[in-house]
Amino acid sequence: MILEAIHIILPILIVAAAAFAVLTKDLIAAAIAVAAMSLLLSLEFYILQAPDVAIAEAGVGACLTTAILVIAIKATKRMEEEA
Amino acid sequence: MSGMSKIVKTISSITFPLITIYGLYVIAHGHLTPGGGFQGGAIVASGCAMMLVSYGSIWIVSRVKEKNLSILESLGAVCFILLALLGLGFGAVFFNNFLVGTNSLFGVVPAAGSGLADINTGGVIPLMNFAVGLKVIAGLFGIVLVMAHASRTKGEKK
């Protein structure tokens with residue numbers, strides 16, 4: 001019963017995080033939203049009985065991608081500072 | 001890129017050994033539990049990337065050279081292929097697991113099937129996990145390090 005509820009709630013949260021990452025103007029907030037989407041996706045992999053893929057997704061998707069995005073955003077000017 | 005505040009640096013210094021130990025545990029138990037060389041290497045490289053973001057690339061580049069990381073990555077690939085060729089030499093086929101059943105390093109065959117505590121099993125598979133882990137750590141950290149050091153702004157050159 002609880003597992004079915006998690007199976008319904010988690011994809012909704014993943015889609016919400018992805019939509020927030022697309023729609024927001026703030027680039028740092030979008031990078032954090034992508035990291036949150038990746039973390040929820042690794043949780044979804046774990047409850048779908050694939051712990052191997054979950055560890056790889058959490059390591060690469062939630063940590064290294066976020067670090068690369070933050071480094072790239074720091075090298076540019078933020079949009080809201082110009083206005 | 002420059003470093004962050006003293007709070008971030010302190011918390012990163014405390015959590016970096018824990019992340020590294022967990023990643024090395026995932027690599028060393030790759031033949032028993034979920035995970036393996038790539039997953040553990042990605043975890044260790046994530047910890048290194050956290051140190052890079054908090055301390056800044058100039059502080060890191062003065063200690064870790066990108067050329068040495070490249071040498072380590074190539075060493076991991078060479079070790080992997082060398083182990084596979086040793087299987088060709090000792091046994092009959094490429095990737096032959098020549099260590100299993102010899103009761104030496106990683107060569108013990110447990111009597112009642114493999115449990116989660118039988119780390120001295122698996123033959124040549126843990127050694128290949130170590131090689132892949134070395135390659136993934138050096139490769140992913142090298143990518144992030146080069147990107148951070150190449151994208152530093154003009155005011156903080158040198």
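## Confidence of the model

Chain B has an average pLDDT of 87, and 95% of the residues score at least 70; pLDDT is the predictor's confidence in each residue, from 0 to 100. Among the elements of chain B, the highest mean pLDDT, 94, belongs to helix 1, and the lowest, 89, to helix 3 (residues 57–61). For the complex, the predictor gives a pTM of 0.86 and an ipTM of 0.81.

This is a predicted model, in which local features need pLDDT of at least 70 and side-chain atom pairs count only at pLDDT 80 or more, while totals for chains, interfaces and linings use all residues. Residues are numbered from 1 along each chain as its sequence is written, and chains are lettered from A and ligands numbered from 1 in the order in which they are written.

## Overall form of chain B

Chain B contains five helices and zero strands, in the order α-α-α-α-α along the sequence. Its radius of gyration is 19 Å, well over the 15 Å that the globule rule gives for 158 residues, so chain B is more spread out than a compact globule. The radius is taken over C-alpha atoms, and the rule is 2.2 Å times the number of residues to the power 0.38. Helices (H or I, at least four residues) and strands (E, at least two) are DSSP runs, numbered from the N terminus.

Along the principal axes, the C-alpha atoms of chain B fill a box of roughly 60 × 30 × 20 Å. Of its 158 residues, 30% count as buried. A residue is buried if 20 or more other C-beta atoms lie within 10 Å of its own, exposed if 12 or fewer, and partly exposed in between, with C-beta atoms placed from the backbone. Of the contacts in chain B with a separation of 6 or more, 67% join residues 24 or more positions apart; a contact requires C-beta atoms, placed from the backbone, within 7 Å.

## Helix 1 of chain B

Helix 1 (residues 6–28) of chain B has 23 residues and spans 34 Å from first to last C-alpha, close to the expected 33 Å at 1.5 Å a residue. The expected span is 1.5 Å times one less than the number of residues. The helix bends by about 30 degrees at B:T15, with a proline, B:P17, following within four residues; the bend is the angle between axes fitted to the seven residues ending there and the seven starting there.

Its buried residues are B:G23, B:V26 and B:I27. They pack against helix 3 of chain A, together with helix 2 (37–55) and helix 5 of chain B.

In the complex, 15 residues of chain A are in contact with 18 residues of chain B. The chain A side has twelve nonpolar, one polar and two charged residues.

Helix 2 (residues 27–47) of chain A has 21 residues and reaches 31 Å between its end C-alpha atoms, close to the 30 Å expected. Its buried residues include A:A33, A:V34, A:M37 and A:L40. Their cover includes helix 1 (2–23) and helix 3 (51–74) of chain A.

## Positive phi angles

Most residues other than glycine have a negative phi. A:Q49, in the loop between helix 2 and helix 3 of chain A, has a positive phi near 65 degrees. This residue counts as exposed because it has 8 C-beta neighbours inside 10 Å.

B:F95 also has a positive phi near 65 degrees, and lies in the loop between helix 4 (66–90) and helix 5 (125–150) of chain B. With 14 C-beta neighbours inside 10 Å, B:F95 counts as partly exposed.

Technical notes
Two residues are in contact if their C-beta atoms, placed from the backbone, lie within 7 Å. Ala, Val, Leu, Ile, Met, Phe, Trp, Tyr, Cys and Pro count as nonpolar, Asp, Glu, Lys and Arg as charged, and the others, Gly among them, as polar.
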